[in-house]
Protein chains: 2
Amino acid sequence: MAVLGRGNQSDEGRNPLAIICGGGSLPFAVADAVQTQGRQVVLFPLRETADAHSVSAYPHHWMHVGQFGRFCRLARQEGCRDVVLIGALVRPAVWQLRPDFRTLLLLPRIIEFFRGGDDHLLSRIATLLGEQGFRLIGAHEVAPEILMPEGMLGSRQPSTGDDEDVAYGLRFLNAAGAFDVGQAVVIAGRHILAVEAAEGTDQMLARVAELRISGRIRSRGGVLVKAPKPGQDRRIDLPTIGPQTVEGAARAGLSGIAVVAGSTIVAQAERVGEAADRANIFAVGVRDDGSAE
Amino acid sequence: MAVLGRGNQSDEGRNPLAIICGGGSLPFAVADAVQTQGRQVVLFPLRETADAHSVSAYPHHWMHVGQFGRFCRLARQEGCRDVVLIGALVRPAVWQLRPDFRTLLLLPRIIEFFRGGDDHLLSRIATLLGEQGFRLIGAHEVAPEILMPEGMLGSRQPSTGDDEDVAYGLRFLNAAGAFDVGQAVVIAGRHILAVEAAEGTDQMLARVAELRISGRIRSRGGVLVKAPKPGQDRRIDLPTIGPQTVEGAARAGLSGIAVVAGSTIVAQAERVGEAADRANIFAVGVRDDGSAE
């Protein structure tokens with residue numbers, strides 16, 4: 001198969017879409033959306049992460065993390081050119097990939113992959129796929145319905161103080177975005193309580209909950225703000241929230257969650273709204289252009 | 001007693017120095033340095049934080065956190081005008097102050113104190129002291145020997161990769177410094193593993209240790225970088241390291257610690273060097289002017 005150039009987008013949509021699936025419901029939301037558009041899908045679920053029962057409803061080939069050669073062979077046999085990587089795999093898989101890629105790639109190249117952090121690594125995955133004749137595309141490009149809309153999920157609205165904290169958080173994330181660091185922050189009264197790095201959003205929220213229990217954080221309320229890094233590869237690394245994010249924010253005593261509308265993936269948007277109403281916190285999609293201030 | 005204006009520095013050194021003491025050895029290092037200069041000291045140790053045995057060697061008055069009225073009365077009786085706040089109290093005390101200040105100040109003013117985070121709060125403490133005729137000064141101004149020197153404590157040197165991570169960390173902390181957030185970060189291979197906020201440096205290092213044990217962080221080495229916030233009030237909130245910082249960094253699997261020379265307080269510098277040698281990690285004071293790159 002010839003390597004697809006950028007000019008070959010005219011045949012986009014004719015080839016079955018290869019979906020490399022991690023955990024959670026997102027892969028199936030994407031698969032359903034694509035099938036509804038009349039395009040075939042072939043799932044490549046990752047063992048021990050993807051849900052076997054849901055997978056069985058679609059054409060699929062199980063894979064272990066890092067079986068890059070197996071993926072290339074099977075995806076070619078299926079006639080796939082476009083590849084989507086979606087589901088709770090992304091961050092854990094990045095860490096798990098390392099030992100397995102050893103069997104596929106020269107060691108110096110692998111080491112180079114892991115220098116410079118995730119952004120670099122993810123763009124390298126895209127390059128690797130490209131070298132094998134595939135085109136990595138963002139799940140939101142084929143299924144825009146998985147993106148966070150502007151406005152509320154659920155009925156609670158942010159207060160004026162919450163709005164100020166959201167604006168402060170977005171400014172911080174924009175400033176921090178030039179560095180390879182997390183995409184989420186917790187702010188209360190313009191005081192940054194926690195910054196996400198290697199631990200991930202769920203662990204960061206658990207930390208805030210603990211600091212509140214121990215009395216180290218005495219302020220009330222606060223907001224979780226998530227935003228994509230400026231210049232990050234959106235095909236593979238958009239920030240994501242789901243019902244468990246709302247539950248973690250509630251346990252951390254927060255007033256709500258704000259994410260950038262159109263640049264954040266929402267797993268099970270309806271359940272996010274329900275969880276927000278149950279916890280009496282807000283979940284809002286905001287524009288990151290200063291209008292949040 | 002009249003409020004001291006900025007022009008009154010000519011009588012500096014004549015009045016006994018009031019030292020509000022938290023935990024650890026730093027208050028006594030400062031007291032000894034000041035006495036060696038021929039100036040009297042009066043310690044105001046905080047109950048349940050300052051070491052009673054060490055305190056007994058100096059003139060002193062025990063206080064509970066937040067007994068601002070008692071402090072003002074006794075310090076005036078002792079003829080003190082200059083006040084130093086030093087020791088492990090600073091961060092915990094900030095959190096503990098809130099309920100006690102209620103008895104002294106109008107509630108709306110207290111709430112205003114706690115908006116805008118630590119920087120704001122600390123400058124307000126200086127203002128409060130000033131209103132009562134005292135002058136808050138930095139411990140390092142009266143005892144410059146407690147500041148981190150340029151170069152190594154201990155014998156291990158940073159590698160070229162470590163130097164790159166240190167420079168990256170300093171750039172990040174400078175960028176983040178416009179926001180009210182922590183003064184420390186852990187970096188490995190230009191990937192930010194952890195950012196300090198409300199949890200403090202020791203807890204952040206413990207998190208990195210846990211993320212390594214759980215396999216979430218697979219890279220080796222890394223550096224802890226601490227720097228003062230641009231524009232922060234150095235009289236009361238300089239970053240501090242001590243032997244326990246070295247031990248925490250070692251448990252987190254780091255290669256070393258870098259702090260800004262002349263802008264970081266070192267508790268027990270000799271023991272920091274010994275702990276660094278024991279753990280085979282480096283502890284270096286660097287200049288934060290780009291020369292670290």
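Reader: Which residues does A:I192 touch, leaving out those up to four places away in sequence?
Author: In this predicted model, the contacts of A:I192 involve both chains. From chain B come B:F179, B:D180, B:V181, B:A197 and B:A198. From chain A come A:Y168, A:F172, A:V185, A:V186 and A:I187.

Reader: Which members of the largest nonpolar core touch the most other members?
Author: That core holds 42 residues. In soluble globular proteins, nonpolar side chains tend to be buried together. The core members that touch the most others come from chain A and chain B, and they are A:F172, A:I192, B:F172 and B:I192.

Reader: What is the phi of A:R190, and where does this residue lie?
Author: A:R190 is placed in the loop of chain A between β6 (184–188) and β7 (191–195), and with a relative accessible area of 31% it is partly exposed. Most residues other than glycine have a negative phi. A:R190 is not a glycine, yet its phi is positive, at about 65°.

Reader: Is A:N15 buried or exposed?
Author: A:N15 belongs to the segment of chain A that comes before β1 (17–21). Residues count as buried when their relative accessible area is under 20%. Because the relative accessibility of A:N15 is 6%, this residue is buried.

Reader: Which backbone atom does the side chain of A:N15 reach?
Author: Apart from residues up to four places away in sequence, A:N15 touches A:R39, A:G79, A:C80, A:R81 and A:D82. For one of these, A:R81, there is an approach at 3.1 Å, and the atom that the side chain of A:N15 reaches is the backbone nitrogen of A:R81.

Reader: Which residues of helix α3 in chain A are buried?
Author: Helix α3 of chain A covers residues 68–77, and just after this helix A:G79 takes a positive phi of about 80°. Within the helix, the buried residues are A:F68, A:F71, A:C72, A:L74 and A:A75.

Reader: Which residues is A:A33 in contact with, beyond its neighbours within four places in sequence?
Author: A:A33 lies in helix α1 of chain A, residues 26–36, and counts as buried at 9% relative accessibility. Its C-alpha is 13 Å from that of A:V84, a residue 51 places away in sequence. Once the neighbours within four places are set aside, the contacts of A:A33 are with A:A143 and A:E145.

Reader: How do the axes of α9 and α10 in chain B run, roughly parallel or roughly antiparallel?
Author: The axes of helix α9 (residues 201–213) and helix α10 of chain B come within 8 Å and cross at roughly 15°. Angles under 35 degrees count as roughly parallel, and so α9(B) is roughly parallel to α10(B).

Reader: Is the crossing of α9(B) and α10(B) left-handed or right-handed?
Author: On the α9(B) side the contact is made by B:T201, B:D202, B:L205 and B:A209, and on the α10(B) side by B:Q244, B:T245, B:G248, B:A249 and B:R251. The crossing of these two helices is left-handed.

Reader: Is the crossing of α10(B) and α11(B) left-handed or right-handed?
Author: The axes of α10 (residues 243–251) and α11 (residues 269–279) of chain B come within 8 Å and cross at roughly 15°, and the two helices are therefore roughly parallel to each other. Where they meet, α10(B) contributes B:P243, B:V246, B:E247 and B:A250, while α11(B) contributes B:R271, B:V272, B:A275, B:A276, B:R278 and B:A279. The crossing of α10(B) and α11(B) is right-handed.

Reader: Which residue of chain A does B:I217 touch?
Author: B:I217 sits in the loop between α9 and β8 (223–226) of chain B, and it is buried, with a relative accessible area of 3%. Leaving out residues up to four places away in sequence, its contacts in chain B are B:L193, B:V208, B:L211 and B:R212. The C-alpha atoms of B:I217 and B:L193 are separated by 7.9 Å. From chain A, the residue that B:I217 touches is A:A198.

Key
Residues numbered from 1 in each chain as written. Chains lettered and ligands numbered in written order. Predicted model: local features only at pLDDT ≥ 70, side-chain atom pairs only at ≥ 80, totals over all residues. Heavy atoms only, no water. Core = buried A, V, L, I, M, F, W, Y, C linked by side-chain atoms within 4.5 Å. Buried < 20%, exposed > 50% of the residue type's maximum accessible area, 1.4 Å probe, protein only. Contact = heavy atoms within 4.5 Å. Helix = DSSP H or I, 4+ residues; strand = E, 2+ residues; numbered from the N terminus. Polar contact = N/O pair within 3.5 Å; in protein donor to acceptor, adjacent residues only side chain to side chain. Axes fitted to C-alpha atoms, helices over the stretch in contact; angles between N-to-C directions. Parallel < 35°, antiparallel > 145°, perpendicular 65-115°, else oblique. Left-handed = near helix turned anticlockwise from the far one by under 90°.
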